Amino acid sequence: MAFATGEKRVTWLDGWWAYAFIAIAGWLATDIWRWLGVLAGKRLREDSEALNWVRAVATALVAAVIAKLILYPTGVLAQSPLWLRLGALIVGAIAFFLARQKPAVGIATSIAVLGAGLWWLGF
């Protein structure tokens, strides 16, 4: 690659401070809260209302992400028909319950149904 007169090749070392800032800011934003969660979690009983609330919020967030992927997908998934995405969800949910509520079975079944459907449609 030829550079014009006076131009300097830019490397990641030229802006190392930006990478350091991102790493430190990322650590401060996430890791501190994880440690505080561990410390607070030691004092919670497994059947406490606070922990039930946390589980409910976590479940709702996962459900929201799944709903977003199904109803408002991006990429190749956006080109797939809605009936295929909903069908994969339903078949995966049935497999989940038939396998005594094992998440890996439901997820693998949904992915397999979606993959088979996309292959069948020619994606």
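At what angle do helix H4 and H5 pack, and how far apart are their axes? Hold that for a moment. Ground rules come before the answer.

This is a predicted model, so local features need pLDDT of at least 70, side-chain atom pairs count only at pLDDT 80 or more, and totals for chains, interfaces and linings use all residues. Residues are numbered from 1 along each chain as its sequence is written, and side-chain values use heavy atoms, with hydrogens and water left out.

Overall picture. The protein chain has five helices and zero strands. Helices here are DSSP runs of H or I with at least four residues, strands are E runs of at least two, and numbering starts from the N terminus. Along the sequence the pattern reads α-α-α-α-α. The chain has 123 residues, and 13% of them count as buried. Buried is under 20% relative accessible area, exposed is over 50%, and partly exposed is in between, with a 1.4 Å probe and protein chains only. Now contacts, meaning heavy atoms within 4.5 Å. Take those between residues at least 6 apart in sequence: 34% join residues at least 24 apart.

Back to the opening question. Two packed helices are described by the angle between their axes and the distance between the axes. Helix H4 covers residues 82-98, and it packs on H5 at about 150°, with the axes 7 Å apart. The axes are lines fitted to C-alpha atoms, for helices over the stretch in contact, and angles run from 0 to 180 degrees between N-to-C directions. H4 and H5 are therefore roughly antiparallel. The cut-offs: under 35 degrees is roughly parallel, over 145 roughly antiparallel, 65 to 115 roughly perpendicular, and the rest oblique. The crossing of H4 past H5 is right-handed. That term applies if the near helix is turned clockwise from the far one by less than a right angle; anticlockwise is left-handed. Who makes the contact? From H4, the residues include Trp83, Leu84, Ala88, Leu89 and Gly92. From H5, they include Pro103, Gly106, Ser110, Val113 and Trp120.

Let me zoom in on Ser110. Ser110 sits in helix H5, residues 103-121. Which backbone oxygen does the side chain of Ser110 reach? That of Ala88, at 3.0 Å. This is a polar contact: a pair of N or O atoms within 3.5 Å, where within protein one must be able to donate a hydrogen and the other to accept it, and residues adjacent in sequence count only if both atoms are side-chain atoms. Leaving out residues up to four places away in sequence, Ser110 touches Ala88, Leu89 and Gly92.

Next, another serine. Ser80 lies in the loop between helix H3 (76-79) and H4. Is Ser80 buried or exposed? Buried, at 4% relative accessible area. A polar atom of the Ser80 side chain lies 2.6 Å from the backbone oxygen of Leu77. Ser80 also touches Arg85, Leu118 and Phe123, again not counting residues up to four places away in sequence. Ser80 and Phe123 are 43 residues apart along the chain, yet their C-alpha atoms are separated by 8.4 Å.

Phi of Arg100 is near 60°, a positive value in a residue other than glycine. Phi of Gln101 is also near 60°. Arg100 counts as exposed, at 75% relative accessibility.

Last item: charges. How many salt bridges are there? Two, by the rule that a side-chain nitrogen of Lys or Arg is within 4 Å of a carboxyl oxygen of Asp or Glu. One joins Arg34 and Asp31, at 3.9 Å from N to O. Arg34 and Asp31 are three residues apart in helix H1 (residues 16-41), so about one helical turn separates them. Arg34 is exposed at 55%, whereas Asp31 is buried at 19%. The other pairs Arg45 with Asp47, and their closest N and O atoms are 3.2 Å apart. Arg45 is exposed at 56%, and Asp47 is exposed at 53%.
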